[in-house]
Amino acid sequence: MIAPAYALRDGNTIPAIGLGTYGLDDQAGIDAITAGIADGYRLIDTAFNYGNEEAVGEAIRRTDVDRSDLVIATKLPGKHHGFDETIASFEQSRMRLDLDWVDLYLIHWPLPRLGKYLDSWRAMISLREKGLVRSIGVSNFTAEMLTRLIDSTGIVPVVNQVELHPYFPQEELRAFHDEHDIRTMSWSPLAKRTELLQEPVIAEVAAAHGVTPAQAVLRWHIELEAVPIPKSSDAARRRENLDVFGFTLTTEEVDAISALSRGRIWGGDPDTHEEF
Ligand SMILES: NC(=O)C1=CN([C@@H]2O[C@H](COP(=O)(O)OP(=O)(O)OC[C@H]3O[C@@H](n4cnc5c(N)ncnc54)[C@H](OP(=O)(O)O)[C@@H]3O)[C@@H](O)[C@H]2O)C=CC1
Ligand SMILES: O=C(O)C(=O)[C@@H](O)[C@H](O)C(=O)CO
């Protein structure tokens with residue numbers, strides 16, 4: 001199963017679903033990511049701070065899928081904010097991944113107290129101009145922070161990867177993204193397998209379509225046109241998560257799932273969260 005892809009505002013494309021890799025490390029991680037690519041995942045999400053860029057690189061080397069058919073996303077850690085630090089950190093990530101280019105490079109968290117994300121953004125623009133990165137974006141940015149990047153540089157991030165699941169549907173931020181043609185990516189799209197998958201409304205929607213609760217939730221992301229990046233260390237669950245393009249949800253079903261909204265669930269507030 002190969003997922004459809006969206007066009008990004010810079011002319012590149014991004015698959016409609018990807019594989020999250022936080023916690024997929026070492027040999028088991030290499031095997032999981034390699035198998036995920038073989039099963040059809042074309043977007044792989046990692047980060048400097050996941051400590052698994054080498055594992056992602058090894059999985060890419062093992063697969064016979066053409067490199068240009070893969071979208072490899074990694075992220076700048078808070079400890080490397082700043083212009084020169086960003087250039088150096090990117091090179092470390094690229095070497096660990098063992099890649100000629102990275103498809104999507106994101107600022108992992110804005111760290112407004114540190115006050116350097118704009119310097120990092122300028123460095124990312126220069127990495128893109130040098131052809132080392134195909135697309136640049138951010139993660140965990142608010143509308144105000146996005147506005148600052150855009151007003152200061154004229155360059156709009158192509159994606160903003162944020163906490164997004166039925167408990168936190170991010171309506172306002174998604175509307176802002178739509179206005180600026182920024183693609184939303186959903187981190188922890190299954191809400192880290194909390195009680196979400198036991199919610200009666202999820203069970204009802206899943207039963208109506210003959211799919212699993214996780215598939216109903218991931219299809220909800222697809223209906224929102226957000227790109228979910230579920231992580232699973234289990235081969236059957238990875239395949240299940242990718243298999244969400246054979247059915248659609250009605251507007252009423254989407255709204256019923258969105259009504260589970262209750263706010264952020266892990267305290268990762270971009271205005272205060274410190275990730276180094
Ligand atoms: N930019 C950022 O700040 C952040 C980015 N991320 C990214 O998002 C990715 C996904 O988020 P994550 O926090 O891992 O949470 P997810 O919402 O993807 O949930 C992962 C959990 O759900 C389980 N699971 C996966 N598939 C199924 C299924 N079909 N049925 C039942 N359970 C399932 C997994 O268990 P099992 O492995 O046993 O299948 C695991 O316990 C991360 O890996 C990372 O790449 C995450 C957090 C922050
Ligand atoms: O991206 C992830 O998976 C995270 O957990 C991030 O929130 C990040 O690694 C972090 O903030 C650690 O404190």
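User: How do I tell that two strands pair?

Analyst: Two strands pair if DSSP finds at least two bridges between them. Strands (E, at least two residues) and helices (H or I, at least four) are DSSP runs, numbered from the N terminus. In this predicted model, strands S8 and S9 (residues 183-187) run parallel and are joined by five bridges. Val159 has Arg183 in S9 as its bridge partner.

User: Which strand pairs with S7, and over how many bridges?

Analyst: S7 (residues 133-139) pairs with S8 in the parallel sense, over two bridges. Here Ser139 stands opposite Gln161 in S8. The chain gets from S7 to S8 through helix H5 (residues 143-153), in a right-handed β-α-β crossover. Right-handed means that, with the strands pointing away from the viewer, the path from the first strand over the helix to the second runs clockwise.

User: Is S8 mostly covered or uncovered?

Analyst: Buried means under 20% relative accessible area (1.4 Å probe, protein chains only). In S8 (residues 159-163), five of five residues are buried, so the strand is mostly covered.

User: Which side chains have polar atoms by an oxygen of ligand 2?

Analyst: A polar contact is a pair of N or O atoms within 3.5 Å. For ligand 2, the distance from an oxygen atom is 2.5 Å to Tyr50, 2.8 Å to His273 and 3.3 Å to Trp109. The protein buries 65% of the 330 Å² that ligand 2 exposes when taken alone.

User: And how are things numbered and counted?

Analyst: Residues count from 1 along each chain as written, while chains are lettered from A and ligands numbered from 1 in written order. Local features need pLDDT of at least 70, side-chain atom pairs count only at 80 or more, totals for chains, interfaces and linings use all residues, and side-chain values use heavy atoms, without hydrogens or water.

Terms used:
Buried means under 20% relative accessible area, exposed over 50%, partly exposed in between (1.4 Å probe, protein chains only). A polar contact is a pair of N or O atoms within 3.5 Å; within protein, one must be able to donate a hydrogen and the other to accept it, and residues adjacent in sequence count only if both atoms are side-chain atoms. Accessible areas come from the Shrake-Rupley method with a 1.4 Å probe; for residues, only the protein chains shown count as cover.
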